[in-house]
Amino acid sequence: MTDSRRYHITTFGCQMNKADSERMAGILEEMGFEWSEAPEQADLVLYNTCTIRDNAEQKVYSYLGRQAKRKHEQPNLTLIVAGCVAQQEGEALLRRVPELDLVMGPQHANRLRDLLEQVFDGNQVVATEPVHIFEDITKPRRDSTVTAWVNVIYGCNERCTYCVVPNVRGVEQSRLPEAIRAEMAQLGRQGFKEVTLLGQNIDAYGRDLPGTTPAGRHQHTLTDLLYYVHDVPGIERIRFATSHPRYFTERLIRACAELPKVCEHFHIPFQSGDNDVLKAMARGYTREKYLRIIETVRQYMPDAAISADAIVGFPGETEAQFENTLKLVEEIGFDQLNTAAYSPRPGTPAAVWENQLSEDVKADRLQRLNHLVATKAAERSQRYLGRVEKVLVEDQNPKDPTQVMGRTGGNRLTFCTGDIAKLKGCIIPVKITTVRAFSLTGDRVEMPVAGATC
Ligand code: SAH
Ligand code: SF4
Ligand code: F3S
């Protein structure tokens with residue numbers, strides 16, 4: 001292969017996909033491909049896709065249509081669909097878009113080189129069979145030089161009645177603590193400052209691992225993993241996402257309170273504030289249990305930021321049941337909430353139930369919930385006003401080059417005047433002068449703050 005070939009990846013969906021894309025980009029660069037920002041100038045275009053809701057899936061087809069057309073003028077173009085739509089549709093994608101060279105599910109991301117070799121031998125390839133994910137064979141091309149994703153557990157063993165993820169991501173597979181620590185140690189040596197540990201249900205980590213933990217406990221858990229990795233040199237901050245209420249223990253909360261590098265932010269989706277809807281969703285917990293978790297978090301860490309996901313308009317959801325979601329949001333006061341209208345997904349139980357709600361009802365509820373979320377987030381932001389927050393500087397503010405931007409421990413996006421060339425990767429004290437619902441602005445202050453690095 002000549003080394004002048006260029007590749008482009010567009011990534012849809014969640015952090016799992018972002019992490020997979022970074023690994024696939026790493027493989028392509030090892031093969032001699034160079035990054036092209038513009039898809040139309042690339043010789044290889046890869047769409048890493050998401051199918052969590054119908055609109056995510058449809059977006060992929062419109063992007064693909066453009067590239068498929070281009071392939072008629074440029075037969076050397078290599079066209080790849082990876083990720084969750086690839087897994088869901090498999091062979092059917094080839095019938096829909098015959099121009100495709102490769103359809104590959106998320107479990108095959110680390111195998112991109114092998115699969116491409118088959119393509120370059122003249123085959124049209126579909127790789128969607130369930131496989132054990134190969135470990136540690138890739139050097140990701142990371143988007144940031146400051147923060148990095150580290151996969152901890154792949155897949156999902158739950159069966160929420162609305163969700164495609166178990167179908168497209170396969171069963172749980174935890175990585176060994178030693179492999180996770182080794183990846184973090186490498187990141188620390190490369191100058192990364194923050195790691196986000198990733199899993200669909202990260203607090204279910206370890207259930208599938210045999211043997212004892214490095215500290216000799218019989219069962220591997222996320223809590224043990226945090227104790228095991230928290231002192232990795234160079235890594236100043238550790239985050240983890242996403243937590244499932246079923247596995248979120250007091251022991252985990254205590255560890256987060258105790259370990260200084262673990263950020264005071266928790267992302268724990270509740271999906272609905274109504275017990276009957278939670279039951280129909282097969283979530284395996286109640287509203288009361290969820291409230292107890294948040295109460296315990298706030299006992300140990302009164303200032304912790306809490307975010308979550310919620311779905312409105314689940315089949316059969318009544319107005320009163322929806323109001324229970326509003327009440328929960330009112331009661332807890334989330335720092336951030338990802339909201340979505342229920343979208344029926346192929347192969348999921350709830351999609352074929354007869355009690356579907358109209359798009360109008362869903363849209364109305366979504367709008368009402370979003371309004372409340374913005375109000376509550378703005379209230380939550382108020383507590384930062386006048387305070388000094390430690391901000392890890394990640395980048396320049398794209399809208400104002402005199403400013404840098406980064407995140408507080410609680411994950412609030414924060415802007416302040418500064419020179420990115422000097423501050424990138426530094427944790428700096430910032431006195432907050434302006435608060436908005438989802439972001440803050442402040443001034444850098446010269447004051448000694450524990451944990452500040454520049
Ligand atoms: N594993 C995580 C969430 C993964 S999917 C958990 O269990 O909490 C990310 C979010 O997408 C979910 O939290 C849910 O809010 C939303 N989602 C999943 N399926 C959906 C569907 N069919 N319609 C609308 N939103 C959905
Ligand atoms: Fe989907 Fe439920 Fe698994 Fe989350 S826990 S990924 S919502 S099936
Ligand atoms: Fe989407 Fe797949 Fe993530 S469906 S949300 S990219 S796991």
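What percentage of the 454 residues in the protein do buried residues make up? In this predicted model, buried residues make up 56% of the total of 454.

**Figure 1. Overall view of the predicted model.** The protein contains 14 helices and 18 strands. Along the principal axes, its C-alpha atoms fill a box of roughly 60 × 55 × 50 Å. The radius of gyration is 23 Å, which agrees with the value near 22 Å that a compact globule of 454 residues would have. Of the contacts with a separation of 6 or more, 72% are accounted for by residues 24 or more positions apart. The protein exposes about 19,600 Å², and carbon and sulfur atoms supply 50% of that area.

**Figure 2. The aromatic pair of Tyr162 and Phe314.** A search of the whole structure finds 11 aromatic pairs. In the pair shown, the ring centres of Tyr162 and Phe314 are 6.2 Å apart and the planes stand at 85°; the pair is therefore edge-to-face, given that planes over 60 degrees apart count as such. Distant parts of the chain are linked by this pair, as the two residues are 152 residues apart. Tyr162 belongs to the loop between β7 (147-154) and α6 (165-169), and Phe314 to the loop between β12 (305-312) and α12 (319-332). Tyr162 and Phe314 are both buried. Together with Tyr342 and Trp353, Tyr162 and Phe314 form one aromatic cluster.

**Figure 3. The aromatic pair of Phe270 and Tyr290.** The pair is tilted, with 55° between the planes and 5.5 Å from centre to centre. Phe270 is located in the loop between β11 (265-267) and α10 (275-281), whereas Tyr290 is part of helix α11 (residues 287-300), so the contact ties together parts 20 residues apart in sequence. Phe270 has a relative accessibility of 0% and therefore counts as buried, the cut-off being under 20%. Tyr290 is likewise buried, because its relative accessible area of 1% falls under that cut-off.

**Figure 4. Arginine side chains placed over tyrosine rings.** The charged end of Arg96 sits over the ring of Tyr61, at 3.5 Å from the ring centre. Tyr61 is one of the buried residues of α2, and α4 (91-96) is among the elements that cover the buried residues of that helix. In the second example, Arg181 lies over the face of Tyr228, with a distance of 5.7 Å to the ring centre.

**Figure 5. Helix α2 (residues 54-73) and its surroundings.** The 20 residues of α2 reach 31 Å from the first C-alpha to the last, close to the 28 Å expected at 1.5 Å a residue. The buried residues of α2 are Ala56, Glu57, Val60, Tyr61, Leu64, Gln67, Ala68, Arg70 and Lys71. The elements that cover them include β3 (44-49), β4 (78-82), α3 (83-89) and α4 (91-96).

**Figure 6. Helix α1 (residues 15-30) and the residue Gly32.** From its first C-alpha to its last, α1 reaches 23 Å with 16 residues, close to the expected 22 Å at 1.5 Å a residue. The helix is mostly covered, with 12 of its 16 residues buried. Just after α1, Gly32 adopts a positive phi of about 100°.

Methods: Residues numbered from 1 in each chain as written. Chains lettered and ligands numbered in written order. Predicted model: local features only at pLDDT ≥ 70, side-chain atom pairs only at ≥ 80, totals over all residues. Heavy atoms only, no water. Phe/Tyr/Trp six-rings, centres within 6.5 Å; stacked < 30°, edge-to-face > 60°. Helix = DSSP H or I, 4+ residues; strand = E, 2+ residues; numbered from the N terminus. Buried < 20%, exposed > 50% of the residue type's maximum accessible area, 1.4 Å probe, protein only. Lys NZ or Arg CZ within 6 Å of the ring centre and 35° of its normal. Rg over C-alpha atoms; globule rule 2.2 N^0.38 Å. Contact = heavy atoms within 4.5 Å. Areas by Shrake-Rupley, 256 points an atom, 1.4 Å probe, with all protein chains shown as cover. Expected span 1.5 Å × (residues − 1).
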